Amino acid sequence: MRAVKPLDFMVPVLQATRITIEAQWVIALRMSGMAGFWAMQPDETSKMMSEKVAAGIESAAAVMLSGMAGHSLPKMAMAAMQPIRRETRANARRLRKEAGAK
């Protein structure tokens with residue numbers, strides 16, 4: 001196995017940046033909806049909590065399986081972030097659509 005170099009973490013860092021930006025969009029859109037700027041789905045608040053738990057469990061399982069398969073740390077980081085990125089991307093798209101449909 002080759003040694004991990006600092007640049008090997010470039011893609012995971014960019015992925016984490018995408019997740020952070022999309023998460024901030026989701027928070028802003030949800031808070032704006034809760035403030036009454038547009039109608040939100042009735043189950044939006046419960047969805048906020050349940051999806052985090054599900055994505056966290058899926059993320060933990062993915063990183064564990066990746067580590068058990070002998071993948072490098074950058075690959076393990078990407079495996080851990082994949083379920084979270086999928087949720088943040090889907091939420092950002094859905095909430096932007098709902099906010100625009102006002």
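The largest pocket of this predicted model holds about 260 Å³ of space. It is lined by 14 residues, and R30, E51, K52, T88 and N91 are the closest to its centre. Three helices, α1 (10-34), α2 (44-68) and α3 (73-101), each contribute at least two residues to the lining. The make-up of that lining by class is tabulated below.

| Class | Residues in the lining of the largest pocket |
|---|---|
| Nonpolar | 7 residues |
| Polar | 3 residues |

The chain contains 3 helices and 0 strands, in the order α-α-α from the N terminus. Its radius of gyration is 16 Å, well over the 13 Å that the globule rule gives for 102 residues, so the chain is more spread out than a compact globule. Along the principal axes, the C-alpha atoms fill a box of roughly 55 × 25 × 15 Å. Of the 102 residues, 26% count as buried. Among contacts with a separation of 6 or more, 73% join residues 24 or more positions apart.

Helix α1 has 25 residues and spans 36 Å from its first C-alpha to its last, close to the 36 Å expected at 1.5 Å a residue. Its buried residues are P12, Q15, I19, E22, V26, L29, R30 and G33. An α-helix has 3.6 residues a turn, so residues three or four places apart point the same way. The cover over the buried residues of α1 includes α2 and α3. Just after α1, G36 adopts a positive phi of about 100°.

Technical notes
Residues are numbered from 1 along each chain as its sequence is written. This is a predicted model: local features need pLDDT of at least 70, side-chain atom pairs count only at pLDDT 80 or more; totals for chains, interfaces and linings use all residues. Side-chain values use heavy atoms; hydrogens and water are left out. On a 1 Å grid over the protein atoms alone, a cavity is a set of points where a 1.4 Å probe fits but cannot get out, and a pocket is an open set with protein on both sides within 12 Å along at least five of seven lines; lining residues have an atom within 4 Å of a point. Grid points are joined across faces, edges and corners, and a volume is the space filled by probe spheres set on the points. Helices (H or I, at least four residues) and strands (E, at least two) are DSSP runs, numbered from the N terminus. Ala, Val, Leu, Ile, Met, Phe, Trp, Tyr, Cys and Pro count as nonpolar, Asp, Glu, Lys and Arg as charged, and the others, Gly among them, as polar. The expected span of a helix is 1.5 Å times one less than its number of residues. Buried means under 20% relative accessible area, exposed over 50%, partly exposed in between (1.4 Å probe, protein chains only). Contact means heavy atoms within 4.5 Å. The radius of gyration is taken over C-alpha atoms; the globule rule is 2.2 Å times the number of residues to the power 0.38.
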